[in-house]
Amino acid sequence: MHTTLSSSTFSTQHPDRFQNRHIGPSSTETEEMLQALGFDNMETFLSQVVPADIRIDTPLTELKALSEFEALRQLKSMADRNTIHRSYLGMGYSDVILPAVIQRNILENPGWYTAYTPYQAEISQGRMEALLNYQTMVADLTGFAIANASLLDEGTAAAEAMSMCYGAWEGESENAAFFIAADCHPQTIQVVSNRAHALGVSVVVGDPETFAFDQPVFGFLLQYPNTYGHIHDYQAFSARAHEHKALVVVAADLMSLLLLTPPAEFGADVAVGCTQRFGMPMGFGGPHAAYFASHDEHKRRMPGRLIGVSKDSSGKPAMRLSLQTREQHIRRDKATSNICTAQVLPAVVASMYAVYHGPQQLKSIALRIHQQTARVAEFSEAEDFVLGSATFFDTITLQASPERIQAVLLRAQEHKVNLRILGSERLGISLDEAVTEHDLTILAFVLSGRRDAALPAQAALHLPTHLRSSTYLTHPVFNTHHSETELLRYMKYLENRDISLTYSMIALGSCTMKLNATAEMYPVTWPGFSQMHPFAPREQWAGYAELFTNLEKWLAVLTGFSAVSLQPNAGSQGEYAGLLAIKKYHEARGDKQRDVCLIPQSAHGTNFASAVMVAFKVVLVSCDDQGNVDLNDLKQKIDQHANQLAACMITYPSTHGVFETGIRAICDMTHNAGGQVYMDGANMNAQVCLTSPGAIGADVCHLNLHKTFCIPHGGGGPGMGPIGVAEHLAPYLPKHPLQTIDTAKEVGPVSAAPYGSGCILTISWAYIAMMGGEGLRQATALAILNANYMAQKLEPYYPILFKGSNGRVAHECILDLRGFKASAGIEVEDVAKRLIDYGFHAPTMSWPVAGTLMVEPTESESKPELDRFIDAMISIHGEIEAIAAGKFDKTDNPLKNAPHTAELVISDSWNRAYSREQAVYPAAWVRLNKYWPPVGRVDNVYGDRNLFCSCINPEDIK
């Protein structure tokens, strides 16, 4: 018997819809959660959460969802329309050979790219060890005592160094300038100049060799080797700078430091640069891990994160984030930098590149690069080109007549070769480790026009006399894992020491740890995207242009704004760019006195640091007992600073997890006083397709693409932070880094590359394209539903600190644990560490309110996973009640001693007042897939008092 199917049974749409893969709860589970909350349908539920006056009709209705196959096919078409030329452009970007074992097992491995920033040290030991290796590598190669765990790119690292020098200035003049060598990379000069202009700092660009020290200068930025390849000896200059109380910052090519005297040894105070050429593809600008190294005396001024070695509860070495008092969420406007400026995943790649090759092979790679450059140089001189410098590492310049230069450029174009154009009579050529003999044969023809032209087989070294004599990378980690088998096992060993989304839900409030789908990640390493130089000619990146145009359009619609810039390469940079746009807008209108920025107490800590970066004066606005912005206090502050008001920064939904009903009033009050409304887009996951910053009344909003739009956190970076702006702010978006910027009228670059970390924008494109307008709206609705379901289930055990006007939360909620300190002596940290025994990463701890946990389940988690987390929290509550009732001792209990390691529970000396089983198997389902923490609770105080920030031997921890 055959079943009869009508034509209406069939659909042209692929049955495997991506939104069903991205969204965790099934339709049945969604109905169950709605019923548990007392609702029959989703729309009625949403009407109780999102205020009616800001609701909008679904945008992007014209965007129909693509299947994974269709989206990848379109992305492949874009990649194929990017024409990858052999790039000799240099300027800090090089082609690389990324070892396949690192590409597959780090860069493309969700066990690494879905992990979170290592704030919970006990479940982050793997990636912190990799970052400690990174810090050691940078410190060794630069010659400094201490290095941080990465920054965003070379340009912003140099800008951070300028800010550090400014803060450390002890000279008599208050009007000292910052001197930038004219032979620094052009994008670095512009990024630093832009940062300095925002701070009101004067910049002098010139030749350090002829600088007469006839004006006060608090710091110097030098390039080593310089952008044209020449290698200066800066030892005497550094000594003279110090005589005038100035600090010396050197932007150094890390690969060259395998051969050249390191900056610390010729008198520099700070070294900055990029580790891109240590295995990370160019990616049209990123992501790449910048580095920052300095003397020990500057460690408390250093920007960014710092991994240090402490000890755990058993006295064994354990890593943690050190000197966390520098972080902006603690120090706010007094923070020395914006901590959300790291590129952890690229830093791990760079560290593994060094671990895999080791010091000897790295030196051989550097020597090979230089030898090939020397061969090109000697060939060019034989062809009657004028060589720009007698000493160089990987970059040379060639001078000839305009006619000859033009002929070379035409041959280069015909053979898909990119040379750097330095006027009509000069060319730049930068070589890298990926250059082959075939490449050199083509280059010889391009330069000479002769088919039989050949480079000399060998060439004399063109290095300076001041070569490196000091040792580096002597620790065993850099001298052990050189076979693929050894490296593979080492990387797996580290991966297994961490909790990532591959293991369990990470319910971090405000951080939106949702699915990073494989189909979204897949194109990142395609050559058509990954091998593009960020300064390649426009006609070579037609595919990227289409992708950027699509993404800008989609994000503009989703935010309700008229224009979007994709340049900021982190959420922190997006905040900075948005506030710069506001600052420039006021200046252009003649309102230069507007420099006050109102920020609610509940705001993200990044807001305070970003406001200070543009020289705004921060004025704090109170919140009421319900966690909402106190409108009376806001009105008072606005009245007090009406003529100086530049902006009001607001997070929406609020950092307290609530859709505040007074948001329109906040916007209106700010606008009526002449200010602009900056909306922090960290919580955009609760807005998409239900409301928008533009509809609410904001003027600018940054978007954390590593949150709402699925770029993975990567263990604490990469991220992207595009900004959307209303029409009147569009002229003040950051411009291209290689444009000539009129700082009186326009905003210069905030990132070194024109589109920030260009290659990872493919991830957000894929997410939006595969979700479509309908799927995006459904994702937002489920994020809100999951949070409210969890809040209702946990409220009998942990009070929900803040709720909206209808008793509902947004996409996150805050659990109040403060009462347990009095009843049982239990702190929020004890609960966070006990969750590790259940296999969970703790929610956001003690922020924005001390003694609380902020929970955000996201739309990607299924109801069974939500229920497991709920059960864990209820079980922990039972243990707290047992302590309060005297069944457990207040100091010897499962929470105070958490987390419990395998070594601890199998020891012969178990003397706890509770069983081993209670310690490590507190719930039945934990037995099925137990995560064993590699260390016990880490001693934070010891770590800050005894700062070790590079690879050490275990016996050094006492």
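# Reading the labels

Trainee: Why is Asp 384 called exposed?

Mentor: This is a predicted model, so the value is computed from its atoms. The relative accessible area of Asp 384 is 61%. Exposed means over 50%.

Trainee: Where is Asp 384 found?

Mentor: In the loop between helix H12 (344-382) and strand E11 (386-387). Asp 384 has a positive phi of about 70°, although it is not a glycine.

Trainee: Ser 150 also has a positive phi without being a glycine. What is the value?

Mentor: About 115°. Ser 150 lies in the loop between strand E2 (146-147) and helix H8 (154-168).

Trainee: How do you know whether Ser 150 is buried or exposed?

Mentor: Set the value against the cut-off. Buried means under 20%. Ser 150 has 0% relative accessibility, so it counts as buried.

Trainee: Are Cys 165 and Cys 689 buried or exposed?

Mentor: Cys 165 has 1% relative accessibility, and Cys 689 has 0%. Buried means under 20%. Cys 165 counts as buried, and so does Cys 689.

Trainee: Which residues are buried in helix H21 (residues 631-640)?

Mentor: Asp 633, Leu 634, Lys 637 and Ile 638.

Trainee: What puts them on the same side of H21?

Mentor: They cover an arc of only 135° around the axis, which places them on the same side of H21. An α-helix has 3.6 residues a turn, so residues three or four places apart point the same way.

Trainee: Which residues sit on the face of H21 turned away from its buried side?

Mentor: The exposed residues there are Asn 632, Gln 636, Asp 639 and Gln 640. On the buried side, the cover includes strand E16 (596-600), strand E17 (617-621), strand E18 (645-651) and helix H22 (663-672).

Trainee: What makes Asp 630 a cap for H21?

Mentor: A side-chain oxygen of Asp 630 lies 3.0 Å from the backbone nitrogen of Asn 632. A polar contact is within 3.5 Å, so the distance passes. The capped end of H21 is the N-terminal one.

Trainee: Why is helix H26 (residues 828-837) called mostly covered?

Mentor: Nine of its 10 residues are buried. Among them are Val 828, Ala 832 and Leu 835. The cover includes helix H27 (863-884) and helix H29 (916-920).

Trainee: At what angle do the axes of helix H7 (residues 125-142) and helix H15 (residues 484-495) cross?

Mentor: They cross at roughly 125° and come within 7 Å. That makes H7 oblique to H15. The cut-offs explain why: 65 to 115 counts as roughly perpendicular, and over 145 as roughly antiparallel.

Trainee: Which residues of H7 and H15 meet?

Mentor: Gly 126, Glu 129, Ala 130 and Asn 133 in H7 meet Tyr 490, Tyr 493 and Leu 494 in H15.

Note on methods
Residues numbered from 1 in each chain as written. Predicted model: local features only at pLDDT ≥ 70, side-chain atom pairs only at ≥ 80, totals over all residues. Heavy atoms only, no water. Buried < 20%, exposed > 50% of the residue type's maximum accessible area, 1.4 Å probe, protein only. Helix = DSSP H or I, 4+ residues; strand = E, 2+ residues; numbered from the N terminus. Arc of directions from axis to C-beta. Contact = heavy atoms within 4.5 Å. Polar contact = N/O pair within 3.5 Å; in protein donor to acceptor, adjacent residues only side chain to side chain. Axes fitted to C-alpha atoms, helices over the stretch in contact; angles between N-to-C directions. Parallel < 35°, antiparallel > 145°, perpendicular 65-115°, else oblique.
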